[in-house]
Amino acid sequence: MDESLMERILDKIQSENPKALVFLYGNSEGFIHPRLPECITAVKRRGLSPQVSTNLNYIQRVPETLEAGPDLIIVSLSGWTQKVYEKGHVGGSIEKVKTNMRILAEANNARPEEKRVSIMVNYHRYLDNEHEVEPMRDYATNLGLGFFTSFARAISMESTIQYERHLDPDATPFEIQEGQPDWNKVLPPVSQTYIETMKRLKIPPTEAREMYKRHPVSKVCPVGAGMLFTFIRHDGLVQMCACTADRRITLGNYLDLTPDQMIERRDGHPICKQCLKYRNNLYYNIVDREKWE
C-alpha cells in the first residue's frame, strides 16, 4: 500500500473507531513489506492497536519491527515436519520457519522485559497433523513464545460456497442483481484440489448447517451487521467480506464510504445470501464445535 494512502486510511479509522485493532496483513505476508516497522509506528501514533500475522518463511528488519512495538505477532503454521507442514503451507519450509522463530524469539528476549512483544504461535489443526502438535508446542515454549491451536477452516468464501453447492442437490443459483456481475458465470467451479483439502478438515463447512441449526438465520452476518471487520485492500478498496478472495467482490473505496454505506452495500449481496444459506457466516466466526455446544 502506498504510504500516503495508508496515512489517510489510518486517519479515517481513527476518527471512526479510535479503539480499532489494525491487522497489518490481509491474506498476505506482513514481513515482505520493506517498511513494516514504519507501518506499525503509523498505527501506534494514532493510538490504534497494530497486530501482525506471519507464516515466518521470510523475515527482515526484525529489531526495527520489535522496536516499533506491535501489540501482537501471530506465527501461523501447520506441522513439525516438512511432510506434514507442506500440506497446509504449500511452497513453505518448516525448517526455515523454525530458524526464523528462533531469530525472532532471541531478538525479543534480548529486549527489556517491559518492552517485549507478545508473540504467539498458532498451530492449525487438521485431521492428519494432530500428532505433531506437541513437538511444535515444546519448541515454541522453550523459545519463550506463546502457543495455541485452532481448527483449520475453509478459505475462501466463494470457493467454500461453490464446494457446498457442488454437494447440494437443492443448490440454487446466485441471484442476478443490477450492477453486479453474474456470479454464476464469473466464479469458477470448485477445484479437485479444494475438494481434497476439505477432507483434511476436522470441521468442514458442510457441517455448519447442523452445528448452527438452533441459531436464528440473520439477514446480515455478525461481522457485517456492525462492520466489526473491515478488509481494506492495498489499493484502498474494501472487500465485501474479510473471507472473500476474488478481487471483484468489493464495496467501493474505503475513503469514500461511511460505515453505514458499507453495511448497506453488503446487505442482500448475492454472495452474502448464499453464505447465510449455508451458515458460513457462523462457521467463519465461531467454527469451534465444542465451544458452540
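Which residues does Asp-246 touch, not counting residues up to four places away in sequence? Asp-246 touches Glu-158, Leu-187 and Gln-239, where a contact means heavy atoms within 4.5 Å.

## About the model

This is a predicted model, in which local features need pLDDT of at least 70 and side-chain atom pairs count only at pLDDT 80 or more, while totals for chains, interfaces and linings use all residues. Residues are numbered from 1 along each chain as its sequence is written, and side-chain values use heavy atoms, with hydrogens and water left out.

## Overall shape and surface

The protein has 15 helices and 7 strands; these are DSSP runs numbered from the N terminus, with helices being H or I of at least four residues and strands being E of at least two. The radius of gyration is 20 Å, close to the 19 Å that the globule rule gives for 293 residues, so the protein is as compact as a globular protein of that length. Here the radius is taken over C-alpha atoms, and the rule is 2.2 Å times the number of residues to the power 0.38. Along the principal axes, the C-alpha atoms fill a box of roughly 60 × 45 × 35 Å.

Of the 293 residues, 47% are buried. Buried means under 20% relative accessible area, exposed means over 50%, and partly exposed lies in between, using a 1.4 Å probe and protein chains only. The protein exposes about 14700 Å², and carbon and sulfur atoms supply 52% of that area; the areas come from the Shrake-Rupley method with a 1.4 Å probe, and for residues only the protein chains shown count as cover.

Contacts and charges complete the overview. Among contacts between residues at least 6 apart in sequence, 72% join residues at least 24 apart. The mean positions of the 38 positive and 39 negative charges are 1 Å apart. Lys and Arg count as positive and Asp and Glu as negative, without His and the chain ends; each charge is placed at NZ of Lys, CZ of Arg, CG of Asp or CD of Glu.

## A run of parallel strands

Strands count as paired if DSSP finds at least two bridges between them. Strand β1 (residues 21-23) runs parallel to β2 (residues 49-54), with 3 bridges joining them, and Val-22 has Pro-50 as its bridge partner in β2. β2 also pairs with β3 in the parallel sense, over 4 bridges; here Ser-53 is partnered by Ile-74 of β3. Finally, β4 pairs with β5 (residues 146-151) in the parallel sense over 6 bridges, and Arg-125 stands opposite Phe-151 in β5.

How well covered are these strands? In β2, 6 of 6 residues are buried: Ser-49, Gln-51 and Ser-53 point one way, and Pro-50, Val-52 and Thr-54 the other. Strand β3 (residues 72-77) likewise has 6 of its 6 residues buried, so the rest of the structure largely encloses it. One face of β3 carries Leu-72, Ile-74 and Ser-76, and the other carries Ile-73, Val-75 and Leu-77. For β4 (residues 119-125), 5 of 7 residues are buried, so this strand too is largely enclosed.

Helix α13 (270-277) is mostly covered, with 6 of its 8 residues buried. Those buried residues are Pro-270, Ile-271, Cys-272, Gln-274, Cys-275 and Leu-276, and they pack against α7 (157-167), α8 (183-186), α12 (259-266) and α14.

Most residues other than glycine have a negative phi. Arg-279 has a positive one, near 65°, and is found in the loop between α13 and α14 (280-285). With 6% relative accessibility, Arg-279 counts as buried. Arg-61 also has a positive phi, of about 50°, and is found in the loop between β2 and α3 (62-68). Arg-61 is partly exposed, at a relative accessible area of 26%.

## Back to Asp-246

Asp-246 lies in the loop between β6 (237-239) and β7 (250-253). At 13% relative accessibility, Asp-246 counts as buried. One of the residues it touches, Gln-239, falls at the end of the range of β6 (237-239).
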